Amino acid sequence: MILPTRRKLVFLMFIFTVAAAVPKPDEADKKERTLEKDLSDKKHYENEGHNVEYDHEAFLGEEAKTFDQLTPEESRRRLSLIVDKIDSDGDGFVSQEELKDWIRYTQRRYILDDVDRQWKTHNPEDKEKISWEEYKKMLYGFMDDMDASEQEKDEEGFSYAAMQKRDRRRWAVADLDTDDLLTKDEFAAFLHPEETGHMRDVVVLETMEDIDKDKDGKISLDEYIGDMYRGSEADTEPEWVQNEKEQFSQYRDKDGDGFMDREEVKNWIIPPDFDHAEAEARHLIYESDSDGDSKLTKDEILGKYDLFVGSQATDFGEALARHDEF
């Protein structure tokens, strides 16, 4: 069945909030569960030099992964239109807060698009709220034609019944007013719980359920590595696997008992207290603020256009080529 197969893939991939670059061959099996990801998979500083491609991807978000050839003149023109969007209060300056908000928006744009698309799919009449029964019928209606054993396990050992039960639990947590109906904002929290504060305990619980194979309520080193690496005993372990084993022992398993409990899993997948967007906004202002007033004019941003949107030696971001946005 096409729907269950597609849904299965969505289910397995929901926790990834930022699309990853194509992995190196020895990292192809590595699964990243950390929610607070960096703004780019490029290194910000490399060989003691500043890598502007990090800032380019941080500023443009997901759309920076596809490039169009633009002249510097056209690049500056379209960047100028983006600056007008960032300057939300229209005072002619881009503050650190406005720049931080823009960076967060670009990083979340694909999620917003996904919520819009799925809201329209599940709510074609554009009602204020949708019910669990409506959602369940559309997504799990195929189960009505299955017997109990098929619902519990398919040919790959995958349980649609368990998936529905998990979605039902997540729906209840997203439903803040407990009317069993979700507004669009609540639906967004249901679809992307990693993006919403009150949903993050659900993410931790689901992560535990995925990795804790023996269901003892904690995660061993073997379970932790097994979630990311599927090599056989005859294979030579990639270097990153050894690094992950060291990470587990030195940082993940904080009490040194050989396991991660729920609080340690939470500290792993939701690292506390570092705001990548704020740090990047502060850096971009430091690099571009020629008069030292801690805010940027359009001229200051355009004067550093290579920092924000690329350089003449590379392609420029797709966001600058989307005519329909300007």
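Helices (H or I, at least four residues) and strands (E, at least two) are taken here as DSSP runs, numbered from the N terminus. The structure is a predicted model, in which local features need pLDDT of at least 70 and side-chain atom pairs count only at pLDDT 80 or more, whereas totals for chains, interfaces and linings use all residues. Residues are numbered from 1 along each chain as its sequence is written, and side-chain values use heavy atoms, with hydrogens and water left out.

The protein contains 15 helices and eight strands. Of its 326 residues, 42% count as buried, where buried means under 20% relative accessible area, exposed over 50%, and partly exposed in between (1.4 Å probe, protein chains only). Contact denotes heavy atoms within 4.5 Å. Among contacts between residues at least 6 apart in sequence, 62% join residues at least 24 apart.

The UniProt record, an unreviewed entry, carries the annotation "domain: EF-hand" for residues 74-109 and 199-234. UniProt positions are given in the numbering used here, feature names are shortened, and annotations may be inferred rather than shown by experiment. Over residues 74-109 the chain is 75% helix and 0% strand, with 24 Å between the end C-alpha atoms.

Nonpolar cores were defined as sets of buried Ala, Val, Leu, Ile, Met, Phe, Trp, Tyr and Cys residues joined through side-chain atoms within 4.5 Å. The largest such core comprises 23 residues, and those with the most contacts inside it are Tyr 135, Met 143, Tyr 160, Trp 171, Phe 187 and Phe 190. Two or more residues are given to this core by each of helix 4 (96-122), helix 5 (132-140), helix 7 (160-174) and helix 8 (184-191). Helix 7 provides the largest share, five residues. Apart from this core lies another, of 19 residues, among them Ile 82, Leu 99, Trp 102 and Val 309.

Aromatic pairs were assigned to rings of Phe, Tyr and Trp (its six-membered ring) with centres within 6.5 Å; planes under 30 degrees apart count as stacked, over 60 as edge-to-face and the rest as tilted. By this rule the count comes to 13 aromatic pairs. Trp 102 and Tyr 105 form a tilted pair, at 5.6 Å centre to centre and 45 degrees between the planes. These two residues are three apart in helix 4, so about one helical turn separates Trp 102 from Tyr 105. Trp 102 counts as buried because its relative accessibility is 10%, whereas Tyr 105, at 37%, is partly exposed. The rings of Phe 187 and Phe 190 have centres 6.1 Å apart and planes at 25 degrees, so this pair is stacked. Phe 187 and Phe 190 are likewise three residues apart, in helix 8, and therefore separated by about one helical turn. Phe 187 is buried at 0% relative accessibility, and Phe 190 is buried at 1%. Trp 119, Trp 132, Tyr 135, Trp 171, Phe 187 and Phe 190 form one aromatic cluster. Not counting residues up to four places away in sequence, Phe 187 touches Gln 118, Trp 119, His 122, Ile 130, Tyr 135, Trp 171 and Leu 182.

Helix 11 (residues 239-252) has 14 residues, which at 1.5 Å a residue should span 20 Å; the end C-alpha atoms are 18 Å apart, in agreement. The expected span is 1.5 Å times one less than the number of residues in the helix. Trp 240, Val 241, Glu 244, Phe 248 and Arg 252 are the buried residues of helix 11. Their cover includes strand 6 (219-220), helix 10 (221-226), strand 7 (259-260) and helix 12 (262-269).

Positive phi values occur in residues other than glycine at Thr 178, near 55 degrees, and at Ser 294, about 65 degrees. Thr 178 lies in the loop between helix 7 and strand 5 (181-182) and is exposed at 67% relative accessibility. Ser 294 is located in the loop between helix 13 (276-288) and helix 14 (298-303) and is exposed at 53%. Asp 177, in the loop between helix 7 and strand 5, is partly exposed at 38%.
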